[in-house]
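Dear colleague,

I am handing over the structure below, and after it you will find what was found in it. Please read the notes with the structure open beside them.

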Amino acid sequence: SIVDGPGVDLQVNGTLEYQDDIVQLLNGDQMAVGSGALYQHNLNYPGNYPITIPTATWDPNSTCEILSTNNFVPAAGLNQMFGNFKWNATGQTTTLNLAGALQNVLGNFTITSTGSGTVQLTNSTNLVLNVGNDLIIQNGTLDFGSGGASTKILNLGGNYNQTGGIFTNSNTNPLTVNFKGLGKSFTQSGGTLTSTNISWNINTGASLSLQNN
C-alpha cells in the first residue's frame, strides 16, 4: 500500500508484475512507467469483478502487457494513454469485451495470445482507437466490434503486420481503418483476416506498400 506524497509515488523502470490486487495505490497517488519499462497485469482471482490497471503516466516506449485476466470481466483502467499495449493472455478461455475503453496506444498494439478466447474491442459503444505505431497480430482472435456501434475507426500510424491469429469486425456496421503514416506497409504472412465489414483508407499525405492480398 503506497501512500500519496509529493510528485511520483511509484516509479517503474524495470518490470512490475501486478498479481491479484497486491499493489494498492491510494487516492492521489502518481505512478509512472519509464522508457523500456514493463507493467504486467497477471490476475487469476476467482471473483467476478475487474481488477484495475493503475492510472499512470506511460512513456511512449513503455509496455502494458495483459498476461491473465480473471476470465469473467476484462481489466478496468483501460481508458489511459498507453505506450505499447500487448495482450498475451495464454490462459484465456472466454470472450472479453472491452466496451470501447481502450482508445489510445502511442506505440505498438500487439495481440500475442487470447488463449482459446477472443478480445472484442467494443460492442454498442462508438470507438475511435488511435495506434501511433504498428498493429501486430501474432496469435489469438481480435474482434474490433461485436455490437451495433455506428462509429468504429482504427487510426494506424504505423504498419499492419499479421503473422497468425484472426482479425475481424463481426458486426455488419463497418470498421474504417485509416493508414496515416508515410512509407508504411501492409503484411499478412499468416492467420485469417476477415475484411467483409472493414473499409481501408490511405489518408492524404500517407503512403502504404501492400505486401500481401
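Strands named here, like helices, are DSSP runs numbered from the N terminus, where a strand (E) has at least two residues and a helix (H or I) at least four. This is a predicted model, in which local features need pLDDT of at least 70 and side-chain atom pairs count only at pLDDT 80 or more, while totals for chains, interfaces and linings use all residues. Residues are numbered from 1 along each chain as its sequence is written, and side-chain values use heavy atoms, with hydrogens and water left out.

The largest pocket

A pocket is defined on a 1 Å grid over the protein atoms alone, as an open set of points where a 1.4 Å probe fits, with protein on both sides within 12 Å along at least five of seven lines, and its lining residues have an atom within 4 Å of a point. Grid points are joined across faces, edges and corners, and the volume is the space filled by probe spheres set on the points. On that basis the largest pocket holds about 160 Å³ of space. Its lining is made up of Phe179, Phe186, Leu193, Trp200, Asn201, Ile202, Leu208, Leu210, Asn212 and Asn213. Two strands, β22 (198-202) and β23 (208-210), each give at least two residues to this lining, and β22 has the largest share, with 3 residues. By residue type, the lining of the largest pocket has 7 nonpolar residues, 3 polar and no charged, where Ala, Val, Leu, Ile, Met, Phe, Trp, Tyr, Cys and Pro count as nonpolar, Asp, Glu, Lys and Arg as charged, and the others, Gly among them, as polar.

One of the lining residues, Leu193, belongs to strand β21 (residues 192-194). Once neighbours within four places in sequence are set aside, Leu193 is in contact with Tyr160, Gln162, Phe167, Phe186, Gln188, Ile198 and Trp200, contact meaning heavy atoms within 4.5 Å.

The sheets

Strands of a sheet pair through backbone hydrogen bonds, either parallel or antiparallel, and two strands are taken to pair here if DSSP finds at least two bridges between them. An open sheet of 5 strands runs in the order β9-β12-β15-β18-β21, with parallel pairing. Because β9 (95-97) and β21 stand at the edges with a single partner strand each, one side of each is left without a neighbour in the sheet.

Strand β15 is mostly covered, since 5 of its 5 residues are buried, that is, under 20% relative accessible area, whereas exposed means over 50% and partly exposed lies in between (1.4 Å probe, protein chains only).

Another open sheet has 6 strands in the order β7-β10-β13-β16-β19-β22, also with parallel pairing, and its edge strands, β7 (81-82) and β22, each pair on one side only. Strand β19 (residues 175-179) and β22 pair over 5 bridges in the parallel sense, and Ser199 in β22 is the bridge partner of Thr176.

His41 in β4 is the bridge partner of Tyr18, while Gln40 has Glu65 in β6 as its bridge partner.

Two single residues

Val33, in strand β3 (residues 31-33), is buried, with a relative accessible area of 2%. Beyond its neighbours within four places in sequence, Val33 is in contact with Gln11, Val12, Ala56, Thr57, Trp58, Asp59 and Ser62. Thr163, in the loop between β17 (160-162) and β18, counts as partly exposed at 45% relative accessibility. Not counting residues up to four places away in sequence, Thr163 touches Ile137, Gln138, Ser189, Gly190 and Gly191.

With best regards
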